[in-house]
Amino acid sequence: MSVLTRDEAQTRARLLDVHHYAIDLDLTRGDETFDSRTAIRFTVRGDEGTADTFVEVKPAQLRSVTLDGQPLDPTALEENRLALKDLAPGEHELRVEAAMRYSRTGEGMHRFTDPADGETYVYTQLFLDDVQRVYAAFDQPDLKAVFDLTVTAPEGWTVLANGVTEDTGEGRWQAATTPLISTYLVAVAAGPWHSVRTEHRGLPFGIHCRRSLAPHLDTDADELFEVTRACFDRYHEKFDEPYPFDSYDQAFVPEFNAGAMENPGLVTFRDEFVFRSAVTDTQRQTRAMVIAHEMAHMWFGDLVTLRWWDDIWLNESFAEYMGYQTTAEATRFTDTWTDFGVTRKPWGYDADQRPSTHPVAPEDVQDTASALLNFDGISYAKGASALRQLVAWLGEKDFLAGINIHFERHRFANASLADFIDSLAAATDRDVHAWADAWLRTTGVDTLVPSVTGDNGSRALTVRRTGERPHRIAVGLYDQSPGDEGRLTPRERLDIDVPQAEPRPIGKLPALVVLNDGDLSYAKIRFDADSFRTLRESLSGLPDPLTRAVVWNALRDAVRDGELPAATYLDIARAHLPHETDLALVDGVLAFASGQVADRYVTAEQRPAALSTLAELCRDLIRRTEDGDHPGLRLIAVRHRIATAAHPDTIAAWLADGTVPGGPELDPELRWRILTRLAVLGATDEAAVAAELADDPSATGQEGAARCRAALPDAEAKARAWEAMFASDDLSNYLFTATAQGFWQPEQADLVRDYVPRYYPEAVALAARRGPAMADAAGRWAFPAHAVDADTLRLGRECLADADPIPALRRKLTDQLDDLARALRVRETGTA
């Protein structure tokens, strides 16, 4: 498929004004294809003769094309482009009729049949250039148009779209005309949805899921609407521009690749957010944040849209920042920034230290394939961190004033970084252009290092930095609490601009100095020697969970940089995590300790001791929560106790009894977790997996079974799993991911050794056949991450040099190989 370049998009934007799309989809044509009819009204600018351009469409069969009533040759379609030649200035109408393929990869029009009840659902995911899989379009974000959509659906289905839909009879549905939106924001979701509806501020609100999840959606409907209403009202306090669309539907859809998608008026979410098993309050908070994130896009992304994909950060960084901030302000989830600090920020830090790093606002996004690679921790987490630093520097009043200027200037239009910075500059005297150059046009993570000098009664603090960015940070000074050596008392919080004009007097020597206390900037931090000694003894005595998140991130970074032995990190976790109260911190630290330290940073010989330490830590947490007052903490501890089990006896007994002693009872999610770990340990078999699947034949049950079967330590099971992933294209995106998650296990390194060299050529071939979404899955989940050795690294580098993987896979492999090289360095420096 030809990708659109920025030069081509700019040329076409100068030539065309696109006014209106009439799209008619027929979803009754069978299981493989649907019919798509599109009429596009557009104007060719200028009066200097004819011009040439093209329209994009990627059909199973292109049946007919007419331009101004005259037929064009459908066989002239080259890949995904149909040339439109000799266009005279003035008005034109293009009509395209085609059969389009349903997808099983979460791209275009995804089709899913629920194994729980046999019902079928379809939905669109048209980002970034998958519009062409559903309807013909001038597919670039700055050619906005008005859309009219009609859909023919099977009997008993409901059709959802960007605007209010009406059942006009005989399976026909008509959606309300949209305002001006970009092509990639058109959305359809059709099927026998279970819907819960209400009204707020005169607008219809709805939440929707497949019927088999109806009881679980109904259980949480009040909470979902409460969060939605609270965020909606808070955005109307922040923004002068009212919500710009006619309704607000949220559809929880199956096998969704992203967390959610900001289609105006019809946000689609992965339906794991309809919780069918027990979850922690942090998971509920994450769901609330995603709701707030997507709603922010209604203004920043949908009302005002980027002009070209180099400004994707204008969509995602803004929504990420607003999602966390607004959730904290408007809902019961007031500690969102702690979760951001321990889960999202490391995503940005890691991405920013790889060779694939890029500026938050890059200047070299030449085509759509390159743009798709930038939906990463930099565009989300680093960009949101940069905006948080900007708000700390400007003040929220001026920041929001600039945002509202931006909405007023560019409503229902497109804007660039320069436009955004100009809007901010109109609201402040500060040099936001210089700020943008320092924060948005550069790469890498600065490191901030404290130095305390002077006599005991007249100490002074100096903060040194690597890099050139200015930082406004808070510095926390802490003393040991008298009579309680494990508790730390805040003495003072200093506001310091880095670089400093001169050292800051701090009086007597504090027990602990924490740079970037409050986590308002984006930088790695280090500790002076006295502070590190204090942390080893008293980390859990810090009173603020956000401060503890800053500290845990610093320890994490030090392990990854080879400055802190992995065993020391585990010792600190063992000592302090049993006393932790914040769920996000417990989960985040345990995830890094097990998924990175125990699985990759320690050697095979050291791994049993690491797992033992983590299992003891989880047992401590389970004992601490026996009173039933901390169900979320207990659930986290049980999950990680399962994941770190080196022997099957305890968790096998839990599975047999259907409960953890003292609770919780095992719901489907916990049962599949245990069965997967038992499979890894060779303590279950295919018969047990089949029996569990018979009890839970749901979509998540199917995924659990695929994960377990791939994890069985049996040569035939591994061969079947490999065949399913790489020799056949039958697996959906979710079943592929589940199979890949089960396949590679550190405990089974010898069994799967021969598959490591096979991975690279077969992943390249799979990505070429199945496209970017599956390339991402193959690079993320099917990579042999457990194989931390020089041969794996060499084979990967040879693949990048010789095999020419598609861009999505190349980026994933580049990142995975850099992480692998980092793990080798951690081992080789002896810090493990």
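In the second largest cavity, strand E28 (524–525) and helix H12 (545–560) each supply at least two residues of the lining. The description given here refers to a predicted model. Helix H12 gives the most to the lining of this second largest cavity, with four residues, and the space that the cavity holds amounts to about 60 Å³. The lining is formed by Tyr349, Asn516, Asp519, Ala523, Lys524, Ile525, Val550, Asn553, Ala554 and Asp557, a set that divides by class into five nonpolar, two polar and three charged residues.

The structure holds four cavities of 30 Å³ or more. In the largest cavity the space is about 80 Å³, and of the 15 residues that line this cavity, Leu4, Glu56, Asp129, Gln132 and Thr368 are the closest to its centre. By class, the lining of the largest cavity comprises six nonpolar, five polar and four charged residues.

Four helices, namely H14 (583–601), H15 (607–624), H23 (755–770) and H25 (790–802), each supply at least two residues of the lining of the second largest pocket. When the residues that line the second largest pocket are sorted by class, 13 are nonpolar, three are polar and eight are charged.

The packing of one helix pair was also examined. Two packed helices are described by the angle between their axes and the distance between the axes. For helix H18 (residues 668–680) and helix H20 (residues 699–711), the axes come within 8 Å and cross at roughly 15 degrees. Because angles under 35 degrees count as roughly parallel, H18 is described as roughly parallel to H20. The crossing in which H18 passes H20 is right-handed. On the H18 side, the contact is made by Trp672, Leu675, Thr676, Ala679 and Val680, whereas H20 contributes Gly701, Gly704, Ala705, Arg707, Cys708 and Ala711. Taken together, the residues of the contact of H18 with H20 divide into seven nonpolar, three polar and one charged, with Arg707 of H20 among the residues that make the contact.

Terms used
Residues are numbered from 1 along each chain as its sequence is written. This is a predicted model: local features need pLDDT of at least 70, side-chain atom pairs count only at pLDDT 80 or more; totals for chains, interfaces and linings use all residues. Side-chain values use heavy atoms; hydrogens and water are left out. Ala, Val, Leu, Ile, Met, Phe, Trp, Tyr, Cys and Pro count as nonpolar, Asp, Glu, Lys and Arg as charged, and the others, Gly among them, as polar. Axes are lines fitted to C-alpha atoms, for helices over the stretch in contact, and angles run from 0 to 180 degrees between N-to-C directions. Angles under 35 degrees count as roughly parallel, over 145 as roughly antiparallel, 65 to 115 as roughly perpendicular and the rest as oblique. A crossing is left-handed if the near helix is turned anticlockwise from the far one by less than a right angle, and right-handed if clockwise. Contact means heavy atoms within 4.5 Å. On a 1 Å grid over the protein atoms alone, a cavity is a set of points where a 1.4 Å probe fits but cannot get out, and a pocket is an open set with protein on both sides within 12 Å along at least five of seven lines; lining residues have an atom within 4 Å of a point. Grid points are joined across faces, edges and corners, and a volume is the space filled by probe spheres set on the points.
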